[in-house]
Amino acid sequence: MLNKAAQEKLLKALNFAPDAITELLKDGEVDVEIPKMHVFDDAGLDELKSNVRKTNTAAEVEIWGKKMNADHKLGLSATDAKDRDKVIAALNAKAVKDAGVVPDDAAIKAKDDKITALQATIDTKDAEVISFKNQLKDREINDEYRSYLHPDRNPALDDAEWIERIKRNFEIVEEGGIKALKDKATGKIFNDAKENPLSAKDVLAKTFAEKEGWLKPKAAEPVTPAGPKPTHNPAKAVGNKKFKTTDDVMKEVDRKLPTGTAKEKKEMFKVLSAEIA
């Protein structure tokens, strides 16, 4: 059984008034109405204290915000006045305004213009670098095609024209570890009988040899002097001349170079004109 001192401690813990405690500790049995209360352990008590502090802090911020809004005539709504960041921002803006500090619009514009000009310069330089890289790449490609030109190519076209002609019809590609050639008309790569890719150099050498007009025109064969012209057939052609008129020469040029350029046809015409009777 609890002694008197222990009983008194419990009654005090239950928040009984001193006179009620004295009455309850008298001799004899008495009943008591225990008041409603919550009992926390140490962890629960710490959590309660923390929540109380948070509640008080939030209330303090709200009270402070309302007071600043009213005292400094910030013009914030009741909701915004509860937001500490908005109150501070309004205070700073008002301080700048009250101090008469005006942003230097001209300086800001000049700075923005300078940034814009600098960006434009950067963009221009980037474009120049890209253009230079593309030119370099084109030159490397053209140099590669130039290395495959036939040494006895028709001089009617210069190297640039020959390169364009080849690029128009073929494409150099990497295939099976070698530089091969693809026909742009068919999309197929030139292969040997065993379907191994042929080198671009060999294919182009063969192409130059087979394409009419791609190699230098052969020198005209010397004309064998003809004997006396028969008197009974004066209209018969003399010697080995192939053409009677320039029209015949032009027809032959068109036959040999149906898709040739004007320059190609002109060169061919000059060569064949030597064979006019």
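Predicted model: local features only at pLDDT ≥ 70, side-chain atom pairs only at ≥ 80, totals over all residues.
**Aromatic residues**

A pair of aromatic rings is described by the distance of the centres and the angle of the planes. The model contains 4 aromatic pairs. One of them joins W162 and F208, whose ring centres lie 5.2 Å apart, with 50° between the planes, a tilted arrangement. This pair links distant parts of the chain: W162 belongs to helix α6 (residues 159-169) and F208 to helix α7 (residues 200-210), and the two residues are 46 residues apart. W162 counts as buried because its relative accessibility is 0%. F208 also counts as buried, because its relative accessibility is 0%. Together with W214, the residues W162 and F208 form one aromatic cluster.

**Packing of α8 against α9**

Helix α8 (residues 246-256) packs with helix α9 (residues 262-273) at an angle of about 130°, and their axes are 9 Å apart. Because of this angle, α8 is classed as oblique to α9. The crossing in which α8 passes α9 is right-handed. The residues that make the contact are listed by helix below.

| Helix | Residues in the contact |
|---|---|
| α8 | T246, V249, M250, E252, V253, D254 and K256 |
| α9 | K265, M268, F269, L272 and S273 |

By residue type, the contact of α8 with α9 comprises 6 nonpolar, 2 polar and 4 charged residues.

Definitions and conventions
Residues numbered from 1 in each chain as written. Heavy atoms only, no water. Phe/Tyr/Trp six-rings, centres within 6.5 Å; stacked < 30°, edge-to-face > 60°. Helix = DSSP H or I, 4+ residues; strand = E, 2+ residues; numbered from the N terminus. Buried < 20%, exposed > 50% of the residue type's maximum accessible area, 1.4 Å probe, protein only. Axes fitted to C-alpha atoms, helices over the stretch in contact; angles between N-to-C directions. Parallel < 35°, antiparallel > 145°, perpendicular 65-115°, else oblique. Left-handed = near helix turned anticlockwise from the far one by under 90°. Contact = heavy atoms within 4.5 Å. Nonpolar A, V, L, I, M, F, W, Y, C, P; charged D, E, K, R; others polar.
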